[in-house]
Amino acid sequence: MIRTPLRPLARILTARARGENPDAIERENIRRRHEEMQARDRARAEGRLVVLGLFFLAGFVTIGLRMAHLSMSEPEEPVAANRSHGITMQRADIVDRNGHVLATNLETFALYAQPPQMVDPIAAAKQLKNIFPDLEEERLIRDFTGKRKFVWIKKRISPEQKQAVHDIGDPGLLFGPREMRLYPNGRLAAHVLGGATFGKEGVNAAEVIGVAGVEKTFDGFLRDPANEGRPLQLSIDLSVQDAAERVLEGGMRIMNARGATAILMDVRTGEVLSLVSLPDFDPNDRPRPAVSGDPSDSPLFNRAVQGVYELGSTFKIFTAAQAVDLGLVNPDTPIDTRRPLIQSGHEIGEFRNKNYGPTLTLAKVIEKSSNVGTARVAQMIGVERQKQFLRDLGLFDPTGIELVEARSGRPLLPRQWHELEMMTISYGHGMSTTPMNLAAAYATIANGGHVVSPTILKQTEPQLGPRVMSERTAAAARAMLRQVVAGEDGTASFAEVPGYEVAGKTGTADKPNPKGGYYKDKVIATFASMFPASDPKYVLVVTLDEPSIHAAGRVRRSAGWTAAPVAAELIARVAPLLGLRPRVEPGQRAGITLTSN
Amino acid sequence: MTEMVYGAVPERAGEPILPKWWRTVDKWSLSSVMILFAIGLLLGFAASVPLAERNGLNPFYYVHRQALFGGLAMVVMLVTSMMSPKLVRRLAVLGFLGAFVAVALLPLFGTDFGKGAMRWYSLGFGSVQPSEFLKPAFVVTAAWLMAASKEINGPPGRAWSLALCLAIVAMLVMQPDFGQACLVLFGWAVMYFVAGAPMVLLLAMAGLAILGGTVAYSNSEHFARRIDGFLNPEVDPRTQLGYATNAIQEGGLFGVGVGEGQVKWSLPDAHTDFIIAVAAEEYGLVLVLCIIALFAIVVLRSLVRLMRERDPFIRLAGTGLACVFGVQAMINMGVAVRLLPAKGMTLPFVSYGGSSLIAGGIAVGMLLAFTRARPQGQIEDILKGRGL
């Protein structure tokens, strides 16, 4: 662009020559230049105004579209602020094998006080004493009037109590929500469930932790939020457990026993369908552990998995089965049963000093429960093979059932294991195991020779372990056990339950005296059984502690008189619940003629 | 016939004021503003009732006040729009001086009404927010300075206007009132842009803004939280923004019905910053689009008319007023639909507020005065071949 000069010399000279004021020319040129500049500015401003206009248009259109999009979309529900953590319970339920509840949670409240906020501490303490008679009034007054800022009064209160405390109307008495563990069946399966208590406590919630039984074993599982409240399913059958507890309780009373235990186990899966230990307790109100006396007398003591007893003649079948399995004998082989049998200066005697004559077949040795005969068979087997076989049956180790108490139920083995120990152990003396160990070993005979490990959790398929005896040996052992019940000389004839073909072995062992030696008149009576003998489904072990009954003219303590009839009653009650059909053999018909017309 | 072909004859000597005003004023913008004010009153019936109930007043107390101030604002707007640009400029510069002093003295004589920001003068019957009046007055003054710098041997107006702008921004930031400060800065920038800012400078400023934003984001936790909250697609439904979004969604196309809205009960600023959410909930998308269209009409028509304007002062002042008006509306609505980060800003003429209403009336009145049809020398342009 060529800038026109403001004072073009030629025009100015001309104007001067005409006598005009040359400034007018300059002013005109300034005006013209200014106009040109404005026109340029305006052209540029036009373009920029278009840009601005487009910017605003785009902005308004965007907002409009966004509004339209928003108003066409679904509104989101506004969530009210709330501090609760969903509806999942903090501890999962425990259910039986059919889904019936064994343990669940209940909403409750804890009562606490904040003394600085209390209006009338003395009156409040008096009224609290009326509501909760177990509180001490003096102590409450001391707590409320002292310097304490916070006092727990009750850990759990009922709705009625809560209302009563509420009616006191003192602002310093406050409630903290709680979830408490509830066992709706009371004492049922108490030793399996164990119990729970409060762990860390806060005003708004308290931790619930398991203290015994499956509650403690599976504490992590039960509290794991990842399970989303999925219950823990046990192998226990609630109705079977109930029947077993009632029968055993009655049997214990009739037999004047201190305690009793019964284990019912599925022989293929190792599932424990019922586990009873008496005396028992209510897990809702778990007693404190005994501080003095024999802990095994405490109701908390689980005899089935913690009690380590000499289980006596029930072991004889293991000796017989091993000898048959090794091909040393068969059930019809005559065994020398002459007395006395002296070994290492000790005489092996028979129960109540009976004499069974010079020989008995192996089957009769079991049937009549001859110690001497069994010891002779053990001599054929030898120490090492006997140890190996018993170890294979799982009798040397704790059973591994999922109860914390089971870990302490470690079998007691003799320090030395020579000929003498071999002989006594062959008939169940000198070695102690838990009833649970015995049940598992009997399950091996019952299921055809496979080891099973007892479990408290529901299983869906057989859990057969390694084989420790042949199918044939197991069948022979079962036949011998059946004869113990059904044979004319059998020690367990009281265990017969018509239709259910009970097979089993009695065991009566003198109770060890803590001061050394054995009591003369205290025994542990055990009956280990399986049914139905032709194809066993279940193993039942019943153990009575110090039974004695006056029968047939004198005091009887042997298992055949005590444990066996209790077991029979138990089987008679439980077998129908388990869905077993009795095999009814056609009886003698009366002399009538059936006619149809 | 002539008028139909060549448009209204701009000026006739000796014509009375009112007919001349009616002939030359932008009737579209005028009616849009009137309708916006009417909508604001209508929404006030819905949005301000909860506030009145909270303050224990007659439920329609704020509606009455709004109508009173609104009427006043309309009168001010009409009177202002009848003035000549020169008179507007003189009054605005005087007003600017007054408002500037008033804002400067706020820390000494102002009250904060317990809101933590010194923005108000408490008068007997109500309160005044001088920064609302300072804004349009500053725009006009700055436009005058910039236009003066276009004159040959004129003063360095751009530099002076920038100095004024920065002084005002500093005072507003100290109150603190970041929203108004941004608007003032924006108004100045727009005028500088239209007045012919060099492209290089514009690009440099854009780069500086991005850099500043990045630095602020990485250094200021408060700022970063705002931005993160904005970028996060999940809006917490318990915040003001969450309620607003929910209200827009509830409203749908035709709204939940007059008086049926819920959002006004949950939002403390339902009658001011989030009035658009109330509109969306009770009257639906239809009314919201109407409001947006009305704002767009005012801004775009004013800009189009200013494109023809020859006088640099009028062009700049008009542009600044229209853009500040438009951007304030855009920010308010953009926040409600989460297009922009949360920033409290009123919706001109629709939101409740005496000062902002009257100041808005003055601003739009000045804008209407600037956009009136005037002889623009079109014939001369045609003759000189510059075209329209």
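Which residue takes a positive phi just after H12(A)? Gly382(A) does, with a phi of about 95°. The model is predicted.

**Chain A overall**

- Chain A holds 17 helices and 20 strands.
- Of its 597 residues, 43% are buried.
- Take the contacts in chain A with a separation of 6 or more: residues 24 or more positions apart account for 70% of them.
- A UniProt annotation from an unreviewed entry marks residues 49-68 of chain A as "transmembrane region".
- Residues 49-68 of chain A are 100% helix and 0% strand.
- The end C-alpha atoms of that stretch of chain A are 28 Å apart.

**Helix H12 of chain A**

- Helix H12 of chain A runs over residues 371-381.
- Nine of its 11 residues are buried, so H12(A) is largely enclosed by the rest of the structure.
- The buried residues begin with a run made of Asn371(A), Val372(A), Gly373(A), Thr374(A), Ala375(A), Arg376(A), Val377(A) and Ala378(A).
- Ile381(A) is also on the buried list.

- Leu362(A) sits in helix H11 of chain A, which covers residues 362-368.
- Is Leu362(A) buried or exposed? Leu362(A) counts as buried because it has 26 C-beta neighbours inside 10 Å, and the cut-off for buried is 20 or more.
- Leaving aside residues up to four places away in sequence, Leu362(A) touches Ala320(A), Val329(A), Pro331(A), Thr333(A), Ile335(A) and Val377(A).
- Leu362(A) and Val324(A) are 38 residues apart along the chain, and their C-alpha atoms are separated by 9.5 Å.
- Ser493(A) lies in a loop of chain A, between helix H16 (471-486) and strand S16 (503-512).
- Ser493(A) and Ala564(A) are 71 residues apart along the chain, yet 7.9 Å separates their C-alpha atoms.

**Where the chains meet**

- Chain A gives 32 residues to the contact, and chain B gives 44.
- On the chain A side, 16 of the residues are nonpolar, eight are polar and eight are charged.

**Chain B overall**

- Chain B has 17 helices and two strands.
- Buried residues make up 46% of its 388 residues.
- Among contacts in chain B with a separation of 6 or more, 69% join residues 24 or more positions apart.
- The unreviewed UniProt entry annotates several stretches of chain B as "transmembrane region", including residues 28-49, 61-79, 157-174 and 349-370.
- Residues 61-79 of chain B are 100% helix and 0% strand, with end C-alpha atoms 27 Å apart.
- Residues 349-370 of chain B are 77% helix and 0% strand, with end C-alpha atoms 20 Å apart.

**Helix pair H7 and H8 of chain B**

- Helix H7 (residues 130-148) and helix H8 (residues 157-174) of chain B pack at an angle of about 165°.
- Their axes are 8 Å apart.
- H7(B) and H8(B) are therefore roughly antiparallel to each other, since angles over 145 degrees count that way.
- Their crossing is left-handed.
- H7(B) brings residues including Leu134(B), Phe138(B), Ala142(B) and Leu145(B) to the contact.
- H8(B) brings residues including Trp160(B), Leu164(B), Ile168(B) and Leu172(B).
- The contact has 11 nonpolar residues, three polar and one charged.
- Why can residues spaced like this point the same way? An α-helix has 3.6 residues a turn, so residues three or four places apart point the same way.

**Helix pair H9 and H15 of chain B**

- Helix H9 (residues 178-194) and helix H15 (residues 312-336) of chain B pack at about 140°, with axes 9 Å apart.
- H9(B) and H15(B) are therefore oblique to each other.
- Their crossing is right-handed.
- Among the contact residues of H9(B) are Leu183(B), Phe186(B), Val190(B) and Val194(B).
- Among those of H15(B) are Arg315(B), Thr319(B), Cys323(B) and Val327(B).
- This contact has nine nonpolar residues, four polar and one charged.

Definitions and conventions:
Residues numbered from 1 in each chain as written. Chains lettered and ligands numbered in written order. Predicted model: local features only at pLDDT ≥ 70, side-chain atom pairs only at ≥ 80, totals over all residues. Axes fitted to C-alpha atoms, helices over the stretch in contact; angles between N-to-C directions. Helix = DSSP H or I, 4+ residues; strand = E, 2+ residues; numbered from the N terminus. Parallel < 35°, antiparallel > 145°, perpendicular 65-115°, else oblique. Left-handed = near helix turned anticlockwise from the far one by under 90°. Contact = placed C-beta atoms within 7 Å. Nonpolar A, V, L, I, M, F, W, Y, C, P; charged D, E, K, R; others polar. Buried ≥ 20, exposed ≤ 12 C-beta atoms within 10 Å, placed from the backbone. UniProt positions renumbered as here; feature names shortened; annotations may be inferred.
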